[in-house]
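Thanks, everyone. I'll go from the overall fold to the core, and then to the charged side chains. Please have the display open.

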Amino acid sequence: MSLPKGLAEDVSKNLVMVARLIDEDPEGAYAYSKIALRLASRVAAVREAAGFAAYANQKYSEALAEFRAARRMTGSVDLWPVMADCERGLGRPEKALEMAGAAEVHKLDKAGQVEMRLVAAGARRDMDQLDAAIVTLQSPELASNTVQPWTARLRYAYADALLAAGREVEAREWFAKAVESDKDGSTDASDRLAEMDGVAFVDAFVDDDDEDDERDDVTEPQEAPAADEAEADIVDDDEDEDDEVDDIEDVAAEAEADDEVETEAVAEVEAKEDVVKEDVVKESVVKEEGDKD
């Protein structure tokens with residue numbers, strides 16, 4: 001609302017494209033965010049969008065800078081968990097744990113607190129503290145039977161931590177619970193569960209062309225038979241003989257053309273000689289008549 005109408009429309013269009021592309025085409029979303037940032041760098045929503053686009057492209061330093069700028073502009077703590085995760089991406093899990101214990105966490109809503117717990121558990125795993133990561137994820141939200149937007153991701157993270165710690169039976173149980181709560185497919189819990197059960201998925205829709213290529217690869221001989229090679233040599237010899245005949249015919253044609261040119265030249269010379277002789281005869285006749293007179 002702080003921008004002129006035309007500029008506001010241009011900025012909003014770029015922000016819409018960031019939201020549309022950030023999951024499927026992060027690089028494209030990042031490009032649109034840079035345009036919006038160039039047009040309106042003093043708008044908090046633009047800085048936040050630029051931060052998420054950079055975060056999606058694993059540009060953690062740039063993302064952290066944009067999130068900090070947006071937080072300064074708004075005073076909100078909503079970006080605190082993702083800022084802590086940027087610290088993890090930069091190889092500073094200790095800093096992420098420090099942020100997880102800061103007073104800002106108490107100002108987050110329930111979803112933000114769960115997100116902060118996930119980040120803290122990830123930081124523990126970064127430091128090879130698997131048991132601590134498991135304990136960090138154990139919470140009322142994890143034990144609740146009520147499915148919330150964060151339930152699937154929380155259960156998945158807990159199952160993955162258990163599996164990393166070698167507690168496979170418990171891990172399988174929680175992967176199954178994650179599948180039950182993952183209505184929109186936000187995790188690959190079903191694939192992980194199938195993998196633990198030894199189930200392999202095979203694509204039933206195999207392209208016919210691929211099958212034909214595979215059959216060709218199997219049936220096609222590696223070397224040509226000797227008879228085929230001999231036949232190929234005979235064909236090559238015949239082609240060479242044909243080429244030689246063609247060359248001879250070309251030479252003969254050229255020679256014939258030269259003879260025709262030479263014949264025409266001789267005829268022209270003889271014609272000129274006849275004209276000269278005729279002129280000489282005329283001059284002699286005229287001279288004789290003059291002497292008679």
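This chain has 14 helices and zero strands. Keep in mind that the model is predicted. Read from the N terminus, the elements go α-α-α-α-α-α-α-α-α-α-α-α-α-α. The chain holds 293 residues, and buried ones make up 27% of them.

Now the core. Which residues of the largest nonpolar core touch the most other members? They are Phe67, Leu79, Trp80, Met83, Ala84, Leu108 and Met116, out of 26 residues in that core. Helix 2, helix 3 (44-56), helix 4 (60-74), helix 5 (80-89), helix 6 (93-100) and helix 7 (110-126) each supply at least two residues. Which helix gives the most? Helix 5 does, with five residues. As general background, nonpolar side chains tend to be buried together in soluble globular proteins.

Let's stop at one glycine. Gly51 sits in helix 3. Is Gly51 buried or exposed? Gly51 is buried, because its relative accessibility is 0% and the cut-off for buried is under 20%. Look across from Gly51 to Tyr30. The two are 21 residues apart along the chain, and 9.1 Å separates their C-alpha atoms.

On to charge. Side chains of opposite charge can pair when their charged atoms come close. How many salt bridges does the count come to? It comes to 14 salt bridges. I'll take three of them.

Start with Glu87 and Arg92. Their side chains meet in a salt bridge, at 2.7 Å from N to O.

Next, Arg153 and Glu115. Here the salt bridge is 2.8 Å, N to O. Arg153 belongs to helix 10 (residues 151-164) and Glu115 to helix 7, so the pair ties together parts that are 38 residues apart in sequence. Is either end buried, or partly exposed? Arg153 is partly exposed, with a relative accessible area of 34%. Glu115 also counts as partly exposed, at 27% relative accessibility.

Third, Arg192 and Asp160. Their side chains form a salt bridge of 2.9 Å, N to O. This pair links distant parts of the chain as well: Arg192 is in helix 12 (residues 189-196), Asp160 is in helix 10, and they lie 32 residues apart. Arg192 is buried, with a relative accessible area of 18%. That figure falls under the 20% cut-off, so Arg192 counts as buried.

Last stop, the surface. Where does negative charge gather? Look at Asp23, Glu24, Asp25 and Glu27, which form a patch of negative charge there. Take Glu27 from that group. Glu27 lies in helix 2 (residues 26-39). Glu27 counts as exposed, because its relative accessibility is 61% and exposed means over 50%.

To recap: 14 helices, zero strands. The largest nonpolar core has 26 residues, and helix 5 gives the most to it. There are 14 salt bridges, and a negative patch on the surface includes Glu27. Over to you for questions.

Definitions and conventions. Residues numbered from 1 in each chain as written. Predicted model: local features only at pLDDT ≥ 70, side-chain atom pairs only at ≥ 80, totals over all residues. Heavy atoms only, no water. Patch = residues over 30% accessible without salt bridge, like charges linked within 9 Å, V, L, I, M, F, W, Y side chains within 5 Å. Areas by Shrake-Rupley, 256 points an atom, 1.4 Å probe, with all protein chains shown as cover. Salt bridge = Lys/Arg side-chain N within 4 Å of Asp/Glu carboxyl O. Lys, Arg positive; Asp, Glu negative; His and termini not counted. Charge placed at Lys NZ, Arg CZ, Asp CG, Glu CD. Helix = DSSP H or I, 4+ residues; strand = E, 2+ residues; numbered from the N terminus. Buried < 20%, exposed > 50% of the residue type's maximum accessible area, 1.4 Å probe, protein only. Core = buried A, V, L, I, M, F, W, Y, C linked by side-chain atoms within 4.5 Å.
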